[in-house]
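Hi everyone, thanks for making time.

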Amino acid sequence: MLFNMPIPALTIGLLIGSNLFMTYAWYGHLRHQAMPVLAAIVISWGVAFLEYCLQVPANRIGYGYFSAAELKTIQEVISLTIFGLFSTLYLGESLGWNHLIGFGLIVGGAFFVFKG
């Protein structure tokens, strides 16, 4: 096993890394409105390739230990967490109480996915 890490830790670590790249690929160009759209697309595709280089191994390593629904749920919770940090720290947007409640409801849904 890679780095002799437990499967859950390796899977979640790779998903965190992939979501960092994914969030930047999808939303990083918003800070650069003067950039031509075609350039933003090409750069985003390059960044998204790096995301896939982590996402695909994460899912292949984690599948079997986690179900596909559990892997997707983990990915979504990580994605929302990283997006919340990204939008406030990088884009300078603020998250309101309504965003936090909405994100919290999604995390609550994740609880039921993992509840046996």
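**A look at helix 2**

Let's start with helix 2: 26 residues, reaching 36 Å from its first C-alpha to its last, close to the 38 Å expected at 1.5 Å a residue. That expected span is 1.5 Å times one less than the number of residues, and helices here are DSSP runs (H or I, at least four residues), numbered from the N terminus.

A quick word on the source: this is a predicted model, where local features need pLDDT of at least 70, side-chain atom pairs count only at pLDDT 80 or more, and totals for chains, interfaces and linings use all residues. Residues are numbered from 1 along each chain as its sequence is written, and side-chain values use heavy atoms, with hydrogens and water left out.

Now, how do helix 1 and helix 2 pack? Helix 1 (residues 7-27) and helix 2 (residues 37-62) sit at an angle of about 160°, axes 8 Å apart. The axes are lines fitted to C-alpha atoms over the stretch in contact, with angles from 0 to 180 degrees between N-to-C directions. So the pair is roughly antiparallel, a label for angles over 145 degrees.

Finally, after helix 2 comes G64, with a positive phi near 110°.

Terms used:
Helix = DSSP H or I, 4+ residues; strand = E, 2+ residues; numbered from the N terminus. Parallel < 35°, antiparallel > 145°, perpendicular 65-115°, else oblique.
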